[in-house]
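Subject: Structure for your review

Dear colleague,

Please find below the structure that I am handing over to you. My notes on the space inside it and on the ligand follow.

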Amino acid sequence: MIPAAFEYHRPSDIAGALSVLAEHGDEARVLAGGHSLIPMMKLRMADVPHLIDLQDIADLKGITIEGDTITLGAMTTQHELITDDALFTACPIIREAALQIADPQVRYMGTIGGNVANGDPGNDMPGLMQCLDASFTLVGADGTRSVPARDFYESAYMTERDDEEILTQITFSATGAGYAYEKQKRKIGDYATAACAALITKDGDKVTSAAIAMTNLSDVPVLSEAAATALVGTSCDAAAVKAAVAAALEDIDPTEDNRGPVAFKMHVAGIIISRAITRAWSRA
Ligand code: FAD
């Protein structure tokens, strides 16, 4: 389908983008890679009279690693996340997860900022950002604020971001934790039926910390503190993994859709969470 007519704006700095947002209010939307927003416009599920393309704003681009702090500009593409070797060294789970998003064509255009700002429960990066305890920087007319990824998601497509704010960057710490991103999908390029990010640290043969977050198993990404608690202090043996999976399943609330009924999704989720924990432990 062809989208409804819209006016195209292409500012060269953040101030310019904010001023178009302020002028047109909820009639305006920013455009990043366009691989979620344009399909919605073509399907006439999003009506956007004013489209503000962010691609000329240099301040929104780039990957910076200073000491232990990693900063991703919102307009960094998923392809750039995959191919940046320094990022892989500092936080290898990013590459593993990004490689499981869609297909190369989508990843060349789709951005980390669009992926986390979108609020689609099927997007893979929000759960991962909760697992990493990332912070999102939002800039608006009233200034700049930072929101933890763990507090950002309210319900499907509803986030803590105000309509007139732009997400500029994502910040988190480098980690040497054992890691795994596991995803079950119906076919290559598909969104998750169930996905799980796991990070585990250990001392000797005991788990000292864990973070377990799930994708597309509720209307928001879900970080399961109970699953992490079930693992800490154990040697990640079969009983501990089983307890952590049971705890994680208590925290999700999948709904029936074309990826299957609830019982099927719970079954798939159990397998995916178990695989993620086991593989993260093997790398800890
Ligand atoms: P856009 O589509 O440009 O924007 C998405 C939304 O975020 C819009 O509402 C926009 O206004 C807002 N936005 C964007 N940037 C900002 C910003 N800086 N500040 C404030 N708001 C902003 N994603 C997955 O995670 N996993 C998948 O398996 C997957 N499969 C896909 C398969 C196909 C065939 C397609 C077409 C897409 C798929 N996607 C998947 C989505 C893809 O990753 C998108 O690129 C991503 O969700 C959105 O990023 P974008 O840069 O394209 O954002």
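The largest pocket of this predicted model has a volume of about 1300 Å³. Here a pocket is an open set of points on a 1 Å grid over the protein atoms alone, with protein on both sides within 12 Å along at least five of seven lines. A volume is the space filled by probe spheres set on the points, which are joined across faces, edges and corners.

The largest pocket is lined by 47 residues, and Arg 29, Ser 36, Leu 37, Gly 114 and Asn 118 lie nearest its centre; lining residues have an atom within 4 Å of a point. Strand 2, helix 2 (37-42), helix 7, strand 9 (158-159) and strand 10 each give two or more residues to this lining. Helices (DSSP H or I, at least four residues) and strands (E, at least two) are numbered from the N terminus. The lining divides into 22 nonpolar, 15 polar and 10 charged residues.

The ligand sits in the largest pocket, in the sense that more than half of its atoms lie within 2 Å of the grid points. There are 30 residues around the ligand, of which Arg 29, Val 30, Leu 37, Thr 111 and Asp 124 come nearest; a residue counts if one of its heavy atoms lies within 4 Å. Strand 2 (28-31), helix 7 (112-117) and strand 10 (166-173) each supply at least two residues of this shell.

Oxygen atoms of the ligand lie 2.6 Å from a backbone N or O atom of Val 30, 2.8 Å from a backbone N or O atom of Ala 32 and 2.8 Å from a polar side-chain atom of Ser 36. The protein buries 92% of the 970 Å² that the ligand exposes when taken alone (Shrake-Rupley method, 1.4 Å probe).

Residues are numbered from 1 along each chain as its sequence is written, and side-chain values use heavy atoms, with hydrogens and water left out. Local features need pLDDT of at least 70 and side-chain atom pairs count only at pLDDT 80 or more, whereas totals for chains, interfaces and linings use all residues.

Yours sincerely

Conventions. A polar contact is a pair of N or O atoms within 3.5 Å; within protein, one must be able to donate a hydrogen and the other to accept it, and residues adjacent in sequence count only if both atoms are side-chain atoms. On a 1 Å grid over the protein atoms alone, a cavity is a set of points where a 1.4 Å probe fits but cannot get out, and a pocket is an open set with protein on both sides within 12 Å along at least five of seven lines; lining residues have an atom within 4 Å of a point. Ala, Val, Leu, Ile, Met, Phe, Trp, Tyr, Cys and Pro count as nonpolar, Asp, Glu, Lys and Arg as charged, and the others, Gly among them, as polar.
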